[in-house]
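Good morning. I will go through one protein model today, and I will give each term its cut-offs when it comes up.

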Amino acid sequence: MYQRLRDLREDRDLPQRALAELLHVSQATYSRYENGGLDIPSGALIALARFYHTSTDYILGLAEDSKPYW
């Protein structure tokens with residue numbers, strides 16, 4: 001799961017700071033989401049799925065297809 005977060009961000013050439021601002025957390029907190037040091041709150045997970053136009057299942061590693069369900 002954590003590698004997918006990093007891959008999604010890096011594929012769009014975004015710094016961690018940009019995602020931290022989106023989620024209203026510090027860059028250090030977002031970094032811990034990516035490296036597995038902190039579990040991602042469900043609200044943040046949903047926000048990331050919407051931002052990346054993918055499903056929460058894809059981010060969590062439960063689906064291989066990155067296309068959203070909607």
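The accessible surface of the protein comes to about 4300 Å², and carbon and sulfur atoms account for 49% of that surface. Accessible areas here come from the Shrake-Rupley method with a 1.4 Å probe, and for residues only the protein chains shown count as cover.

Two remarks on the source. This is a predicted model, so local features need pLDDT of at least 70 and side-chain atom pairs count only at pLDDT 80 or more, while totals for chains, interfaces and linings use all residues. Residues are numbered from 1 along each chain as its sequence is written, and side-chain values use heavy atoms, with hydrogens and water left out.

Now the overall build. The protein has five helices and zero strands, where helices (H or I, at least four residues) and strands (E, at least two) are DSSP runs numbered from the N terminus. Along the sequence the pattern reads α-α-α-α-α. The C-alpha atoms fill a box of roughly 30 × 20 × 20 Å, taken along the principal axes. For 70 residues, a compact globule would have a radius of gyration near 11 Å, and the protein agrees with that at 11 Å. That radius is taken over C-alpha atoms, and the globule rule is 2.2 Å times the number of residues to the power 0.38.

Of the 70 residues, 33% are buried. Buried means under 20% relative accessible area, exposed means over 50%, and partly exposed is in between (1.4 Å probe, protein chains only). Contact means heavy atoms within 4.5 Å. Among contacts between residues at least 6 apart in sequence, 44% join residues at least 24 apart.

Next, helix α1, residues 2-11. Which residues of α1 are buried? They are Arg4, Leu5, Leu8 and Arg9. These residues cover an arc of only 130° around the axis, which puts them on the same side of α1; the arc is that of the directions from the helix axis to the C-beta atoms. What do the buried residues of α1 pack against? The partners are α2 (16-23), α3 (27-35), α4 (42-52) and α5 (56-60). After α1 comes Asp13, with a positive phi near 55°.

Helix α4 can be read in the same manner. Its buried residues are Ala44, Leu45, Leu48, Ala49 and Tyr52. They cover an arc of only 140° around the axis, and this puts them on the same side of α4. The face turned away from that buried side carries the exposed residues Ser42 and Arg50. The cover over the buried residues of α4 includes α1, α2, α3 and α5. Just after α4, His53 has a positive phi of about 55°.

On to the core. A nonpolar core is a set of buried Ala, Val, Leu, Ile, Met, Phe, Trp, Tyr and Cys residues joined through side-chain atoms within 4.5 Å. The largest one has 15 residues, and Leu5, Tyr30, Leu48 and Ile59 have the most contacts inside it. Helices α1, α2, α3, α4 and α5 each give two or more residues to this core. The largest share, five residues, comes from α4. Leaving aside neighbours within four places in sequence, Leu48 is in contact with Leu5, Leu19, Leu22, Leu23, Tyr30 and Ile59.

Last, the charged side chains. Side chains of opposite charge can pair when their charged atoms come close. A salt bridge here is a side-chain nitrogen of Lys or Arg within 4 Å of a carboxyl oxygen of Asp or Glu. How many are there by this rule? The count is four.

One of them joins Glu64 and Arg4, at 3.2 Å from N to O. Glu64 lies in the segment after α5 and Arg4 in helix α1, so the pair ties together parts 60 residues apart in sequence. Glu64 is exposed, with a relative accessible area of 64%, whereas Arg4 is buried, at 16%.

Another joins Arg9 and Glu34, with the closest N and O atoms 2.5 Å apart. This pair links helix α1 to helix α3, across 25 residues, and both Arg9 and Glu34 are buried. Arg9 also forms a salt bridge with Glu10, at 3.9 Å between the closest N and O atoms. Arg6, Arg9, Glu10 and Glu34 are linked in a network of salt bridges.

Gln16, in helix α2, is buried, with a relative accessible area of 14%. Not counting residues up to four places away in sequence, Gln16 touches Arg9, Gln27, Tyr30, Ser31 and Glu34.
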